[in-house]
Amino acid sequence: HAWDDRPTVTDCTFADNTATGRGGAIYNAFGRPATISGSLFTGNAAEYGGGIYSQGVSSIISNCVFRDNSASIGGAINNWADASPNINDCVFETNSATDGGAVHNLSGSSPTLVNCTFARNSASNRGGALYNDKASSASLANCTFNANSATGGGGGLFNIESSSSTL
């Protein structure tokens, strides 16, 4: 059955896609976790999640590059409502948003990020690279933060409202 399938995206390029709402390149909500690997997300834009918007699903994202994506919330990725993906060996560079220049986590979303690089991402408000809000947390291992910026606070990492991160 098609509804039993887990979406798989391998070695794809998502360039210059837009959505007025969520997920400039990919919108993944309340379904089966996706496996996304070896892909490039560049120049995508949306209100939430310029590259990927995830809601209530915990996907696996590995060996991907997120570059020059933009959104109001989560320039590259926006995780919402217990979306807790495993993000491994990914590069986030020159993404931008109002909050969460690269990644924004909200409402109990708790991604695990391993061997990721965050470089030159920006937020016009808070969380230049990573933003955790409303009981969200991120677990990071062997990640690099370089030259990220935010005008309102947390150039690299911003936690608010019972959110936390483990580094």
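**Salt bridges and a covered strand**

At 17% relative accessibility, Glu93 counts as buried. Buried here means under 20% relative accessible area, exposed means over 50%, and partly exposed lies in between (1.4 Å probe, protein chains only). The model is predicted, so local features need pLDDT of at least 70 and side-chain atom pairs count only at pLDDT 80 or more, while totals for chains, interfaces and linings use all residues. Residues are numbered from 1 along each chain as its sequence is written, and side-chain values use heavy atoms, with hydrogens and water left out.

Start with the partners of Glu93. Side chains of opposite charge can pair when their charged atoms come close. A salt bridge is counted when a side-chain nitrogen of Lys or Arg lies within 4 Å of a carboxyl oxygen of Asp or Glu. Glu93 and Arg67 form such a bridge, at 2.5 Å from N to O. The pair links distant parts of the chain: Glu93 belongs to strand β13 (residues 91–93), Arg67 to strand β9 (residues 65–67), and 26 residues separate them. Strands (E, at least two residues) and helices (H or I, at least four) are DSSP runs, numbered from the N terminus. Arg67 is partly exposed, with a relative accessible area of 30%.

Glu93 has another partner. The side chain of Arg120 meets Glu93 in a salt bridge of 3.6 Å, N to O. Arg120 sits in the loop between β17 (117–119) and β18 (122–126) and Glu93 in strand β13, so this pair ties together parts 27 residues apart in sequence. Arg120 is partly exposed, at 45% relative accessible area.

Now move along the chain. Glu161 and Lys134 meet in a salt bridge of 3.7 Å, N to O. Glu161 lies in the loop between β23 (157–159) and β24 (164–166), and Lys134 in the loop between β19 (130–133) and β20 (137–141), so the pair ties together parts that are 27 residues apart in sequence. Glu161 is partly exposed at 47%. Lys134 is partly exposed at 39%. The whole structure holds five salt bridges.

Strand β3 (residues 26–29) pairs with β7 in the parallel sense over four bridges; pairing requires at least two DSSP bridges between the strands. Ala29 stands opposite Gln55 in β7. β7 also pairs with strand β11 (residues 77–80), again parallel and over four bridges. There, Ile52 stands opposite Ile77 in β11.
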